[in-house]
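Work through the following exercises with the sequence and the three-dimensional view open side by side. Try each task before reading its solution.

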Amino acid sequence: MGNEQGKSYNMREFLAFTAAGILEDGKSAFVGTGLPMIAGMLAQKTHAPNLLLIFEAGSIGPQLPELPISVGQGLTCYRAVAASSMHDVMSACQAGFIDYGFLGGAQIDVYGNINTTCIGEHDHPKVRLPGSGGANDIASFSHKTVLMFGAQSKRTFVEKLDFLTTPGFLYGPGAREKAGLPANTGPYRVITQLAVYGFHEKSRKMMMLSLHPGVSVEEVRDNCSFDVIIPEKYGLSPEPTTRHLELLRKEIDPTGMLIGK
Amino acid sequence: MEILQEGQGELIGWHDPDENRQFVLENKSRALKDKTMSAKEAVSRFVQDGYFIASGGFGHVRVSMCIVYEIIRQGKRNLIMAGKTAVHDLDVLVGNECVNRVETAYSFGHEVRGLSPASRRMVETGRCKVVAETSNAGYQWRFLAGMMGVPFIPSRNLLGTDTGKYSSIKVVRDPFSGKPVTLIPAAYPDAAFIHVHRCDKYGNSQIDGIMVEDFELARCARRLIITTEKIIDNEVIRAEPWRTVIPFYLVDAVVEQRYGSHPCELHGQYFFDEEHLAEWLSVSKTDEGVKEYSQKYIFGVSDFDQYLEVCGGAKKLDFLTRREAMEVPLITPWRK
């Protein structure tokens, strides 16, 4: 793929750029290992220098010089305002201080519920995955949850999850509140290699908001096992500028550990 | 209180608060005494077969690997482990058949380095059982309730999900707000091991950087082994008491072990040994590979200092120190 300045970029760079664009200056984001961290760093280095990054292991407000491998390593405290604890940051999240939570997963359904626990039966899994980690907490507590899926397909966008690890809108409107989850929370955006999605205000079902350059609506439908809402009007996702790409490649992930080469 | 839902996961490590107070009364000394000993002695005295164990730190960060390897060397069996973002520690303990049950928040993975071939294989072939699911905050707050000496702590996570259904929580109607609320049961691990930057011979400990869950874990564990990079004088502790995060009366054993978190990281001191982790991720794809690794790094050496020599000795440790200081670039040998 290439941008207007003729510079080519890969899908992970595109995903990081798109996710970064959602983050606003002066807000807080709970970021996990991998692409969410890259998106947070990119936002800080561009339009959101005062974005408050928070890591679940306890670091608060770092200004990262290079990409950490883990949300717990010493580097996550680089130029941070506090090196605290999980109890402190998870409590802050539960008390309403976190605007954006960023998550990924193995499977997602039409209501934005996620599976990261197992494929197959829980007690006799075909594939055992790591489990919730902080995902259940982050999606329960953050005001807005952003979900990143680099490989949208019929296998990952499923009719029924093998295991509902982390709450989206559960089974529809009002379900989160009925279960006791904090009011007015839930999934906000889903970013994949094909499109950006939101959730329909009434039905709480996934709805396409913008299509990535060069992608067709048919491709979106062909790579989804449920009926995703395609509105009459939808946008075209913006492309990373040369400056964004240079920041990603030269400053944020120079080894290409996560964005690749 | 009206019970709305009960998790079907096994309730691990819970005790009636009065029963635990009795344990503390009878077993946790308030005497200021020298608790220094070898890793070998600490594990043989304070880790028994069948115990519910918990490891400090987070993922590959500040983990007491010198105790983890000693547990394997002593052939402990039938252990239950807190999978509280437990990564390399859990992987080698499950792979070596020391741990056969896990309560999982995050387990069976090495974060960005990939999934854990060894412990996943043990679960997928039925040799290790996941007895309950929870989340990171869910585990953290089990320790918080334990530390507070209360039977449970209320929270608003795990609701509406299979994670909650397979956990040991109960959901009740909150008598104040009238909304459903999660009750997270207290946890009292039989033994925990936490690696710190420095402590005195009594166990008063200082940690640089984030605490993760160790403030709470140190306070709810029935037996606590502290491993430390360095033993410092009690006067140093008393000069800056606000730096103490774990006071001595919580501690049962103090083990001095320089680089005791290797191949995991220690904030400000040494980086992850990515070459070592890549080797484990590669060889642990088969049961035979796990045996080869353990023979080379655990059974084939007598202690952790010898293990560090096999891992590359002073040259390797100097590199990891310089990497932590960002003087040399990152290497990622586990990348496919």
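Predicted model: local features only at pLDDT ≥ 70, side-chain atom pairs only at ≥ 80, totals over all residues.

Residues are numbered from 1 along each chain as its sequence is written, and chains are lettered from A and ligands numbered from 1 in the order in which they are written.

**Exercise 1.** Determine how many residues of chain A are in contact with chain B, and which elements of chain A take part.

Solution. Two residues are taken to be in contact if their C-beta atoms, placed from the backbone, lie within 7 Å; by this criterion 47 residues of chain A meet 52 residues of chain B. The elements of chain A giving two or more residues to this side are α3 (86–94), β9 (125–128), α4 (135–141) and α5 (175–179), where helices (H or I, at least four residues) and strands (E, at least two) are DSSP runs numbered from the N terminus. Sorted by class, the side of chain A that touches chain B holds 19 nonpolar, 24 polar and four charged residues, with Ala, Val, Leu, Ile, Met, Phe, Trp, Tyr, Cys and Pro counted as nonpolar, Asp, Glu, Lys and Arg as charged, and the others, Gly among them, as polar.

**Exercise 2.** Describe helix α13 of chain B, and find which of its residues are buried.

Solution. Begin with the span: α13(B), residues 313–324, has twelve residues and reaches 17 Å from its first C-alpha to its last, close to the 16 Å expected at 1.5 Å a residue, the expected span being 1.5 Å times one less than the number of residues. Next, apply the burial criterion, under which a residue is buried if 20 or more other C-beta atoms lie within 10 Å of its own, exposed if 12 or fewer, and partly exposed in between, with C-beta atoms placed from the backbone. The buried residues of α13(B) are then B:Lys316, B:Leu320 and B:Glu324. Seen down the helix axis, these buried residues fall within an arc of 75° (taken from the directions from the axis to the C-beta atoms), so they line one face of α13(B). On the other side of α13(B), B:Ala314 and B:Lys315 are exposed. Finally, B:Met326 lies in the segment after α13 of chain B and has a positive phi of about 60° although it is not a glycine.

**Exercise 3.** Identify the strands that join β11 of chain A, and the direction of each pairing.

Solution. Strand β11(A), residues 187–192, is mostly covered, five of its six residues being buried. Strands pair if DSSP finds at least two bridges between them. Five bridges join β11(A) to β10(A), residues 144–149, and these strands run parallel; A:Phe149 stands opposite A:Thr192. Two bridges join β11(A) to β12(A), residues 195–199, in an antiparallel arrangement, where A:Val190 has A:Tyr197 as its bridge partner. There are two residues between β11(A) and β12(A), which form a hairpin.

**Exercise 4.** Locate B:Val251 and decide whether B:Val251 is buried or exposed.

Solution. B:Val251 is found in the loop between α9 (234–239) and β13 (253–256) of chain B. B:Val251 counts as buried because 24 C-beta neighbours lie inside 10 Å. Not counting residues up to four places away in sequence, B:Val251 touches B:Lys35, B:Gly203, B:Leu224, B:Ile226 and B:Ile246.
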